[in-house]
Amino acid sequence: MQGHYNVLFVCTGNSARSILAEAVVHHFGRDRFHGYSAGSRPKGFIYPQTLQVLKAVDLPIDGLRSKSWAEFTTPDAPVMDFVITVCDQVAGEVCPAWPGAPITAHWSIPDPAKAQGEEATVYKAFVLARNLLQQRISLLLNLNVAALDRLALSSRLDAIGKVPSSDTAG
């Protein structure tokens with residue numbers, strides 16, 4: 001593994017957490033990492049709060065859409081270096097055989113779409129998900145991927161998924 005890395009974030013609905021992760025990697029990964037997202041059962045829409053919390057920190061939202069993980073199993077799909085599940089439900093599902101045998105990990109992120117209450121409370125749940133993902137993705141982007149073997153990379157990705165939040169809603 002050297003140079004440019006493709007990262008696929010997978011969730012069930014591909015409407016909140018995985019979309020947030022795709023946008024964060026795509027923006028901060030620059031020319032080194034490219035973010036993608038998909039769902040096992042995509043909702044076909046993105047929650048408005050997902051887009052709002054991305055815009056709030058000037059992250060681009062162009063091109064984001066809810067899509068199936070089947071798009072990433074075809075012969076013409078980009079080959080992934082990493083596949084990271086971000087919801088507990090999809091982590092328990094049987095995932096497709098990803099072309100290229102990417103390194104996989106699970107990062108449990110609370111589902112902001114399940115937040116209930118006033119608009120501000122729901123929005124705060126989306127901010128929390130964005131912040132948790134941004135914190136963990138920052139650690140991923142700072143890994144010296146070329147210097148680590150597959151086992152070490154797998155171990156590091158798993159450890160990143162266990163990092164507690166240092167900023168709960170900022």
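Predicted model: local features only at pLDDT ≥ 70, side-chain atom pairs only at ≥ 80, totals over all residues.

Tutor: Residues are numbered from 1 along each chain as its sequence is written, and side-chain values use heavy atoms, leaving out hydrogens and water.

Student: What is the order of the strands in the open sheet?
Tutor: Strands of a sheet pair through backbone hydrogen bonds, either parallel or antiparallel. Here strands are DSSP runs of E, at least two residues, numbered from the N terminus, and two of them pair if DSSP finds at least two bridges between them. This open sheet has four strands in the order 2-1-3-4, with parallel pairing. Strand 2 (33-39) and strand 4 (103-106) are at the edges, each with a single partner strand, so one side of each lacks a neighbour in the sheet.

Student: How many bridges join strand 1 to strand 3?
Tutor: Four, and the two strands run parallel. In strand 3, Phe82 is the bridge partner of Val7.

Student: How many disulfides are found in the whole structure?
Tutor: A disulfide is a covalent bond between the sulfur atoms of two cysteines. The test is a pair of cysteine sulfur atoms within 2.5 Å, and the search finds zero. The sulfur of Cys11 has its closest cysteine sulfur, in Cys87, 3.1 Å away, too far for a bond.

Student: Is Thr12 buried or exposed?
Tutor: Buried means under 20% relative accessible area, exposed over 50%, and partly exposed in between (1.4 Å probe, protein chains only). Thr12 counts as buried, at 11% relative accessibility.
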